[in-house]
Amino acid sequence: MSDSVIMADDLTTEEKVSSRTRSKLSNIRGSTSPKINILSKRKSKLRLEEVYPQFSEIFKYNKESTIEIREWYSANNKNIIYVSPESITAKKLYELCDRNIWLSSDHINAYLSYLSMKFSHVFSLPSFFYTKLTTTGRYEYSSVIRWTKKTAIFQKEIIFVPIILDESHWILAAIFMKDQRIAILDSLGILSIENSITIGRNLVRWLNDEYHSKYNVYEEDECKNYKIKGGDPDTNEINQSTRSSTIIGKAESKNQINFELDIMFQNEQPPQMDGSSCGVFVCMFARLMAENIERDKIKDIANLQEANKRFKKVMCTELWEYAKKSGQVNFEEYEDS
């Protein structure tokens, strides 16, 4: 399988990542700074409709949305759109019209919350969840114990966890409850195997603590295996990377639930070709997973040059149309003013 637990030696990008970002990302990957190669090879320029016509509907957007948002923003730049439980200001929504803007937590939280409403089988945690879970440099369940109080997370099929690395790069962790799989999607491919394992371990631990808290399951029930997708069980590296976790299930159950860690885009040319579109990739990955698209097809779509560019416009359109349909924006009054 092409996905390996061994970290690729080089970070491949189409243009140089800023020195500030490169410096911060070196801490994520390890003591050695990532090498930046400028390759002449470009991502596929095939059109999405040619490769996966069945998914082209997901990438449709309304060109008029950008014009309407600009007029709306100009009329009153203090407006706020609520995408329960998140919100996005008029200014932040307007920023989505700028193809070069780096997505902030406001953009990502608003769109992932929108997905949670659009797809009943998914649930999105806010971008600061994982930071709060590990705020002291170690796992702290008490910091997030009330965050899912009103959500039946064990009835969801997918849980999205957007994660900001050193305040400079967005990645997505996706917990597939039925498949017992945790996917780590890093569009730049710079996250080390050790840090990926730490994220997976913390999320498995969080799931178990959630179950213990909600259903009074006790700590002595254990699950032995925590596997790495595509890993060779005979290698020392994998053996050292294996972690045990507490079982998620009924206290009297004898069945063990083994979560598999799926680190995507390893030992491959990563899909992100610049230093600013990681947030769009996070939202696009979440949308494709919510649509139950197969992992390998998600990787193929991510490597289509136009997919990421179009999806930012999709985000803009969908949030704007949601605001209008939910009665938060009466655009006609701005057209008449």
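Colleague: In strand 12, which residue is the bridge partner of Ala 183?
Modeller: In this predicted model, strand 8 and strand 12 (residues 259-263) run parallel and are joined by 4 bridges. Ile 182 stands opposite Leu 261 in strand 12. For Ala 183, the bridge partner in strand 12 is Asp 262.

Colleague: How many of the residues of strand 12 are buried?
Modeller: Buried here means under 20% relative accessible area. By that cut-off strand 12 is mostly covered, and the buried count among its 5 residues is 4.

Colleague: Why is strand 8 largely enclosed by the rest of the structure?
Modeller: Arg 181, Ala 183 and Leu 185 point one way from strand 8, while Ile 182 and Ile 184 point the other way. Residues on both of these sides are buried. Strand 8 (residues 181-185) is largely enclosed because the buried residues number 5 of the 5.

Colleague: Which residue takes a positive phi in the hairpin of strand 7 and strand 8?
Modeller: The hairpin has 4 residues between the strands. The positive phi, near 50 degrees, belongs to Gln 180.

Conventions:
Residues numbered from 1 in each chain as written. Predicted model: local features only at pLDDT ≥ 70, side-chain atom pairs only at ≥ 80, totals over all residues. Heavy atoms only, no water. Buried < 20%, exposed > 50% of the residue type's maximum accessible area, 1.4 Å probe, protein only. Helix = DSSP H or I, 4+ residues; strand = E, 2+ residues; numbered from the N terminus. Pairing = 2+ DSSP bridges.
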